[in-house]
Amino acid sequence: MISLSGIQKVFGAVQALSGVDLQIHAGECLGLVGHNGAGKSTLMNILAGTLEASEGSLTIAGNGLGKGYLVQEAGRLGVRCVFQELSLCPNLTVAENTRIIHPVLKGFGWRTRAGLLIMKQLDQVFPGHGVSASDVIGDLSISKRQMVEIARAFTVTDTDIRLVILDEPTSSLDSRVADQLLKYVNQVTGQGVSVILISHLLGEILQVSDRIAVMKDGRVVACRNAADFDRISLVEAMGSTVVAGAAPRRGEETNATIGEERIHMRPSGQPDDQSIRAQAGEVVGFAGLAGQGQTEALLSVFDGHGVLPSGARDEGCCFIAGDRQVDGVLPLWSIRKNIGISSLRRMRSGMLIQSERELELAEAWKERIGIRAPDVEAPILSLSGGNQQKVLFARALGSAADIVLMDDPMRGVDVGTKNEVYTIIRQEASQGRTFLWYTTEMEELDYCDRVYVFRDGIVSETLTGSDITEENVLQASFKQVSGAA
Amino acid sequence: MRSIETFMRHHPWSWSFVAAFLTWAATAAYISGTGGLALASTALSFSTFFVMVGIGQMFVITLGPGNVDLSIPSTITLSAVVSMMVMDGSNAMILPGFLAAILVGILVGLFNYSLIRVLSIPPIIATMSSSFLVQSSAIALGRGVKIKPPAALEWVATAKLTGVPVLSLGVIALAVCMAILLNRTVYGRSVTAFGQNTRAAGLAGVPIERIRYLTYSLSAVLAAICGVFLAGFSGGSSLNMGEEYLLASIAVVVIGGSSIAGGNSNVPGIFGSALFLFLLVAMLNTFGAAAGLRLILTGLIIVGVVTFAGGRTENR
Amino acid sequence: MNGLRFFASARFWRGALPALSLTFVLVGVFWLQPRAMSYFGLNLLFNLAVPIALATIAQMFVIAVNDLDLSIGSFVSLVACIGATWLRDTPLLGIAALLGCVAVYAALGALIYIRQLPSIVVTLGMSFVWSGCAVLLLPTPGGSAPDWIRTLVSYKPSYVPMPLLAAVALGLVVHFGLMRTSWGVLMRGVGGNEKAITRAGWSVLKLKMVMYALTAVFGILAGLTLVGLATSADANIALRYTLLSIAGVILGGGEFVGGRISPVGAVLGAMTLTLTASFLSFLRISPDWQIGAQGAVLIIVLALRAIVNRLEARR
């Protein structure tokens, strides 16, 4: 039995966890759900010893562990974690990666022993997996890598495993393999091993969990037997973020501004005659499950594919990233320079950039989009995540680009910010800008004039007007699931 | 006092000037009399060459981790050899010689960039491979021929106006232009954005490939120009004249307070650290330290500076 | 299924490239100068390849953990100077100095890891330090190698020339240590995914220190072999090893980041680079083009690798 009490974690100015209490019983599968940024991954890192809690205590099998609880300790106590981003070394083989988590696999014949160990486990969890012990991880497909990592977490050498944490384990597995995993989870919990399962697929959670804990804003807001939940009550517990009805209805009031066609693109491999079109003044949504080719489609438009001459004027397309740190923020710069980077040409007189003009632009957008900062010369990293995201919006909307590409930009952004930004998107569209908006949040599709649902890199359904409903989008998201698997 | 402190913290390049001044003061006090002024003048002369290549290297380093131009020394040598051959000691041929040297720079830059782009290899490997070829060309062209530079070029490279080297005035002007280029132009901003987060810069509309190409060309062209003046300064080209500039060009950038992780650079620091490096050697010479000791101190200073300046900023 | 087979062949070609390039250059040499195909000829051809191969292996350890050593050339020079002075005159002092060098390298590894410093700049600074020490120790070329080293490097076994034996032994020993043992896995893992190693509870700090120390050990072997062959030393004797060793690792199929390295390939790469120089002289091309030819070989091999990779990606 494992128990956490009063766990807090602070990153700089951000309180990621604010007092989490949680018990995990032996031999149970605990489902853990919550929105992005609710603190699930942080909590699991603390449990696995890869992050240290700022406050609070942790008890594993009667061992009280406070500060200084580290990975080695976790390993000794039989806690294993499959992290969201893979923890395999791509340059090593399957057997060699197994050796990394097992210090006892050494000496003469370790390769054979490691190979046998991992292959036995793979056979048990994923029968028919098609992986061999001497395969180099980098050469394997992403789903096979994930299978190896999961199987590795269940391998046993000198210490028994007590708890395995699976953080979004099925994100890159197809449904058949995912079922194999869920079946295996049932089997090991029967043998007394505890499993924590984190997943965005509520069906999975409801199917295998004994109990379900719901996290929101850095704390556990509900924790009950799985039987007491259904899909609807789970979503309610997670806290639906945007109040429906706040969205301006598309159609009637906005169609007056829709003008020339700017984008006409067919995803490569599209089997039917559906294609992505967007006109001036339109907000076009990309929907579907995460990672079905929406971002790739946006990037290919960014590179100019499918952009008609009418859309290629001025500075062409601008891009608003969802993954701020990787795709958006220029970390050493002030807010002003971060906003100005996409509009540099317009701010020149002669050869030189006029910082007054840049300042003007930044000040204007700080005001308009409500960036909460003392002034625009403050470093961008001093802002909270939501405000950094607003800076990226200001950068894109402040540029002269006619086409705005949005790659799920509201990830981990608070409700207030979202509503402010939605209003501005509508305003900008009515002034003739074209928006392509990939979103994973159903409510945001209410702002779209037309929605393309993606599945396996192609458009599986085009929805317009009143056809844009949660049921239709979900239906289309899983359209070819039986055929693909 | 407080305001000086904050100034220095916000302008990391100021350290290099303080260090340069202190070493100069120590040496000048030791030799006493007017020797100090002469020393300052010599330091200005010698540091000009470091500054020229340092600026090019600085733009390259600003592009971020893995971006270093290792072909600078060989470019210096090749351009010196080529320009001396074209000029052939005649004042009238100075301009064509210069153009030939710049052409060498442009070609080397283009070659470096093509290797990076076409073979998709890290810039450091690309510039290293091309430096092998460039160095070889210089050796093959320049072996056995020792051509004196034209008198006018020699004058420009060595003359002093009331103790101030003419060439150093030119280099100060160059540095001012380059500082403006870095801070006030679209190109400079783009380079700085590139080095902070290449992917984000690309998605914000920075033309990544064009910036990379321009930067490697700029570095090569500056090295080529340096080669011409160096040949003028030292009475002709020699086959190992570029050698010391490989490490020195990187050293002046780092000591000057530019971030080796990219995205945060400055021009004045290059000037300060070039002066400092020369004066340090001069000081140790005056104090009678052995050559080895000078090298060791230089090395320790580089390691010390980068240790205290810290490495990659931790992005959360 | 067809795709799978092609994929396997792409990987095969990438791995075979170092061996093929060496064969190609070797065949060229034999074709131009059939007399090279003898015990004596091979000895002569590959003699100087041994220290370069050792330095290349040293560089490879650093590259395996995603760093780069710009000081290996000056370090090997320093070792040669120590070999030609202290190690001969006061062996204990010499050995202590060499052990000290290993400790300094390990400390550098620690410094680079703890402060997250760019290895390029730190080793750049160290190259001045090593050169300075070498100049202090041996201000003018000279000294003389201890007799035991000279005897060792000029040993002539029957049938197979010493340099070839040494190269094979070097490749196999390092391959075994780094690619086959359970500890080698951890060290390469640091280059592949540092976080994964940390999460599994290993100390990346210690692993990096070990890798840097190994660099020093092989750098020392390179320096001693070199001084044995050259019989005397000077402070600049091996400066060009810095670039040659990087070229050798890359030529041998190693990659700059990601811990993908090949010890056997690195040895082959070093031998190819050495041989290229002789190849030119047999072609009666001026030795001025020696460095250029090495650069050209490097570029050609990298180009071939890019082609293989691109074909693979298209699949």
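Student: What is the strand order of the open sheet in chain A?
Tutor: The open sheet has 6 strands in the order E14-E17-E18-E13-E19-E20 (chain A), with mixed pairing, where strands (E, at least two residues) and helices (H or I, at least four) are DSSP runs numbered from the N terminus, and two strands pair if DSSP finds at least two bridges between them. This is a predicted model, in which local features need pLDDT of at least 70 and side-chain atom pairs count only at pLDDT 80 or more, while totals for chains, interfaces and linings use all residues. Residues are numbered from 1 along each chain as its sequence is written, with chains lettered from A and ligands numbered from 1 in the order in which they are written.

Student: And which strands stand at the edges?
Tutor: Strand E14 (317-320) and strand E20 (458-464) of chain A do, and each has a single partner strand, so one side of each is left without a neighbour in the sheet.

Student: In which sense do E17 and E18 of chain A pair?
Tutor: E17 (residues 403-407) and E18 (residues 434-438) of chain A pair in the parallel sense over 5 bridges, and Asp407(A) has Tyr438(A) in E18(A) as its bridge partner.

Student: Switching topic, how many residues do chains B and C bring to their contact?
Tutor: Chain B brings 41 residues and chain C brings 37 residues, two residues being in contact if their C-beta atoms, placed from the backbone, lie within 7 Å.

Student: Which element of chain B gives the most?
Tutor: H14(B) does, with 12 residues on the side of chain B that touches chain C.
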